[in-house]
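Hi there,

Here is the structure I promised to pass on to you. Have a look through it first, and then read my notes below.

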Amino acid sequence: MEAPNSTQLTGEYCNTKLAYSRFRTREVFVGNIPMGADNPIRIQSMTTIDTMDTMGSVEQTIKMVDAGCEYVRITAPSMKEAENLQNIKKELRARGYEVPLVADIHFTPNAAEVAARIVEKVRVNPGNYADKKKFDQIEYTDAAYQAELERIYKKFAPLVGICKEYGTAMRIGTNHGSLSDRIMSRYGDTPDGMVESAMEFIRICEDLQYYNLVISMKSSNPQVMVQAYRLLVEKMVAENMNYPLHLGVTEAGDGEDGRVKSAVGIGTLLEDGLGDTVRVSLTEEPEKEAPVARALINRYSKREIALAAAPKREILQLKEESTTQRYEAAEVNTFVGGSLVPRIIIDLSKENLKDPFVLKQVGYRYDVLLDKFHMGDQSVDFVYLGDALPSFAMPGNLKQLYHYPTWLSLSERANIHPVFTLEEFNGSTVHDPVLNMVYISNEDLAADLFAEMVLDETVVFILETNYTHGMADQRQFFANMQELGLSNPIILKRSYAAEDFNGPKGDIMDPEEPISKIQLYAATDFGALLIDGLGSGIWIDSPATPVDKLASLSFGILQATRSRISKTEYISCPSCGRTLFDLQDTTHMIRQRTNHLKGLKIAIMGCIVNGPGEMADADYGYVGAGPDKITLYRGKEVIKRNVSSANALDELINIIKGDGLWVEENEAAH
């Protein structure tokens, strides 16, 4: 898992890596709801109705506000939509809804100038506002580059003047996939380019003495997104800026994948204390987004309270000025570590181990007639059985872990390995010759038991934490291991009790989705480490969660962090008033026929705004081009234009087949 090519971060993007501390930004007023400074982290979403449908936009906005949305964004792709924002706002106010409205602007400065006189905030994308993206590679001299900046200044300045006059806030929202040709030519498709794209517009605003700004750095790739936001903060600090941050993973998708990908990106930054507004972009009804965002951010208000009462720790603390480097783990006998993908451990100790079909939950399908197991792309690597012994022969590819005393009692130990406490490991005279897993915590590094430990190349640590800000605690452990010159592989383990997922009204997910909080919490806690190259495996311990859900979630987290690819990835936009087909139905249809194509990334975009640029990270694209018309892409290259919706998926599959990347579903299952 390689980090995006970009400037090396210095670590100055957060207050501290040792505890939770929210990064303080300036206060920005958006209508009557301020953000930044000491204000709560705000929640935003976006309508999907055609902006010209006034009553439909109003009704949908009301649903979103009632679901917890504090700012509502509405697309304004042309003058007529921008002007109709007045009618939408008037009707909302007549119904008693004072929610601030945000106009979403891309290619039309004149629409932005109209909208800025009506709504409380406008969002502009530097990549296509007064700039252009035609995928042209142009070599700019410094003088030519400066001339382009001066042209953009003149084009952008009128909007800034209107925002100053009307008290309208502005979000400068960079998207990874829509960087202009000018930025791409000088900086490439990198977080550096994303940051500089925004900074150019921020500097224009400051030159015009306009400071009512919010900044975002969105990408469908959580790694790129996290790197860009962190780099942005460092650049802002270096230039004495502290504008609020709007967080989001764009085109996250739907269902578990959308929630996990969003939590990996947004949650990682929230863990660092960054973020003043959040938007979770799901290919679902927009009112489904706010409760997910609320569940993510509510953890941190609770965390501030809990940390205030927690005792301070002084255990091998990481120096504030240092940064945690990618942890280069040694490989243990082809089992874990090194260049191997992160491993997954699932606890089966409480399951019915008399039934071989129990292993279906962890990806091993039992064939009764042949008395054998079939593996899939999402078959876990290890199962923890504790002290429970199965009454059937386990598949040869599945490694079993036992509590050390039980392991010691077994006569046959092929593919069977012990799990120790530190005390058990130090006191034992018999170790496994190939793999010994040992529970450890950050505090243990300062204990006598660790000092007495005789480490060898068979030891793999299972890293636990009971600290309130567990990610920082576990991240500190990696830094301490590096300081000690150790390279034993480390399995990340986090435990979640049932009560961790309950809370006051407003903190509970849709009752039909009781599993959502474990998805969000685990994706944040594990993703924030994996995205930085920390961890050789994961173990999600959640007795209240069904085993098959834990297995699926584990693979989903590794996929979202790009550390282990086990399924097709869909980059699916959340729909808006520009969308030219039913995104939810279309995404479901494409999933049904392509979800066995492991490793492929397929983008499903409602219109050209979220088209070839936003598909920077995709292998293939399915993009709305007009009513009943779809344009198909290979990467950023148009392959077929204006294909009818009825034939577009078949045509896409034919393109994949022509590239030699198609496999039949029955072949993919073996």
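In what follows, Ala, Val, Leu, Ile, Met, Phe, Trp, Tyr, Cys and Pro count as nonpolar, Asp, Glu, Lys and Arg as charged, and the others, Gly among them, as polar. Please keep in mind that this is a predicted model.

Let's start with the largest pocket. By those classes, its lining has 11 polar, 10 charged and 7 nonpolar residues. The space in this pocket comes to about 810 Å³. Its lining is made up of 28 residues, and Gly 376, Asp 377, Gln 378, Ser 566 and Asn 595 are the closest to the centre. Several elements give two or more residues to this lining, including α8 (255–271), β12 (364–367) and β13 (372–375). The largest share, 4 residues, comes from α15.

Next, the cavities. The whole structure holds 3 of 30 Å³ or more.

Finally, the nonpolar cores. The largest has 156 residues, and those touching the most other members are Phe 156, Leu 159, Met 170, Ile 172, Ile 215 and Leu 359. Apart from this core lies another, of 18 residues, with Ile 630, Val 643, Leu 649 and Leu 652 among them. Beyond its neighbours within four places in sequence, Ile 172 is in contact with residues including Val 124, Pro 126, Phe 201 and Ile 215.

Enjoy exploring!

Best wishes

Methods:
Residues are numbered from 1 along each chain as its sequence is written. This is a predicted model: local features need pLDDT of at least 70, side-chain atom pairs count only at pLDDT 80 or more; totals for chains, interfaces and linings use all residues. Side-chain values use heavy atoms; hydrogens and water are left out. A nonpolar core is a set of buried Ala, Val, Leu, Ile, Met, Phe, Trp, Tyr and Cys residues joined through side-chain atoms within 4.5 Å. Buried means under 20% relative accessible area, exposed over 50%, partly exposed in between (1.4 Å probe, protein chains only). Contact means heavy atoms within 4.5 Å. On a 1 Å grid over the protein atoms alone, a cavity is a set of points where a 1.4 Å probe fits but cannot get out, and a pocket is an open set with protein on both sides within 12 Å along at least five of seven lines; lining residues have an atom within 4 Å of a point. Grid points are joined across faces, edges and corners, and a volume is the space filled by probe spheres set on the points.
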